Amino acid sequence: MHTVEELQNRIRATESTMSDLADERAALVERTHATISEVDAALAPLDEEVQRGLSEGSKHAEQVRAQRAALLKRRQQAEQAVRDWDNSRGAERARLQSDLNDLSRNLAHARFDALTDADMAKSEKDARFRLSAARDGLNVARETLAHLRGRLAEAHDTVDAEADAVHALAELTGERERLQGEAFALDRAPEPAKLADVNSRIAEAETMLTEAQRQAGIARAAIGTLEGRISGQEAEVDAAIDRVKAAEGDVLAAVRNRAVRHLATLVDAIRDPLLTLEAVDSALGFTFYRALSERGLHTIRGNGEVVPPAWFPSPNYRPDSYADALRAKRAELLPSGEEL
């Protein structure tokens, strides 16, 4: 298994080679375009002569045709050079791209494998802290939005209160007019006490209307501002929700990484007892080894890839290193070197 630094160096080297190939092809294409432009410029007057007509059998006609043929051949050769390059170097570029993809995947695995349990625990702790902060931010954003909407409702109520004050004054004015009309019909003056009372209430209503109009003017001016702030705060709530979702994703990713590491560790823990079993009872140990293989013993990598453990080769093609591991396990169990 290569280290992160080794893989990064190999990636940089591969990318450099691919960049050199891309520059090489770009330069070839540029030269080809230049050649085609030169050929087209040289062909233009010859084509005009051909269109005007050439005297068959004349030396000039033969020269024009020969020149055109040479120019067309030159253009074909230039175009063919690009196709030849693609045919000869295209496979190399494809191989390099495949290598780069593999190296990038292996780099992700190496970075994951390089994480310690403490790193993972800290990552989860930090992610949960960010989630808590994001949720607090969302709550504050929602409270602010609710407050602004409440203020907007109050502003609309204040505007509506102006109409209520106008209606109240109109009713009192009508009451006074009815009082005066009844007195007029009876050819007498309105009762002073009743008239004074209604006049007093009208004066109070006029004062209230003046204040209601002032407050309504302020409220109307505030409505536009509040609507703008509400629109902005709604966007902030949406952004806060996105931050919470992102933070939740970070927590789940951190938990996932720890689960992947734990599962891989549990699978790797099989290796030592499996070696021990086969070291002391080769038949039973190998039978169990084969059973595990037939049932598809797998582990999980950092990117979620499910693969057989690196230490678990096929029972039919176990490398010498596995036999060496068995011998080492026997020597460990019998330090005297005595065979079981």
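Gln-233 touches Ala-141, Thr-144, Leu-145 and Leu-148, once its neighbours within four places in sequence are set aside. In this predicted model, Gln-233 sits in helix α4, which covers residues 192–268. Its relative accessible area is 14%, and buried means under 20%, so Gln-233 counts as buried.

**The largest pocket**

- The volume of the largest pocket is about 330 Å³.
- Its lining is made up of 17 residues, and those closest to the centre are Asp-113, Asp-268, Thr-299, Ile-300 and Arg-301.
- Three elements each supply at least two lining residues: α2 (59–114), α4 and β1 (299–300).
- Sorted by class, the lining holds 9 nonpolar, 4 polar and 4 charged residues.

**Helix α5 against helix α6**

- Helix α5 spans residues 271–280 and helix α6 spans residues 282–294; their axes come within 5 Å and cross at roughly 140°.
- What does that make the pair: parallel, antiparallel, perpendicular or oblique? Angles over 145 degrees count as roughly antiparallel, and 65 to 115 as roughly perpendicular, so α5 and α6 are oblique to each other.
- On the α5 side, the contact is made by Leu-274, Leu-277, Glu-278 and Val-280.
- On the α6 side, the partners are Ser-282, Leu-284, Gly-285, Phe-286, Phe-288, Tyr-289 and Leu-292.
- By class, this contact has 8 nonpolar, 2 polar and 1 charged residues.

**Helix α5 against helix α7**

- Helix α5 also packs with helix α7 (residues 320–333), at an angle of about 75° and with the axes 9 Å apart.
- Because of that angle, α5 is roughly perpendicular to α7.
- From α5, the contact draws on Arg-271, Asp-272, Leu-274, Leu-275, Thr-276, Glu-278, Ala-279 and Val-280.
- From α7, it draws on Tyr-322, Ala-325, Leu-326, Lys-329, Arg-330 and Leu-333.
- The class count for α5 with α7 is 8 nonpolar, 1 polar and 5 charged residues.

Key
Residues numbered from 1 in each chain as written. Predicted model: local features only at pLDDT ≥ 70, side-chain atom pairs only at ≥ 80, totals over all residues. Heavy atoms only, no water. Axes fitted to C-alpha atoms, helices over the stretch in contact; angles between N-to-C directions. Helix = DSSP H or I, 4+ residues; strand = E, 2+ residues; numbered from the N terminus. Parallel < 35°, antiparallel > 145°, perpendicular 65-115°, else oblique. Contact = heavy atoms within 4.5 Å. Nonpolar A, V, L, I, M, F, W, Y, C, P; charged D, E, K, R; others polar. Buried < 20%, exposed > 50% of the residue type's maximum accessible area, 1.4 Å probe, protein only. 1 Å grid on protein atoms, 1.4 Å probe; cavity = no way out; pocket = protein on both sides within 12 Å on 5 of 7 lines; lining within 4 Å. Points joined across faces, edges and corners; volume = space filled by probe spheres on them.
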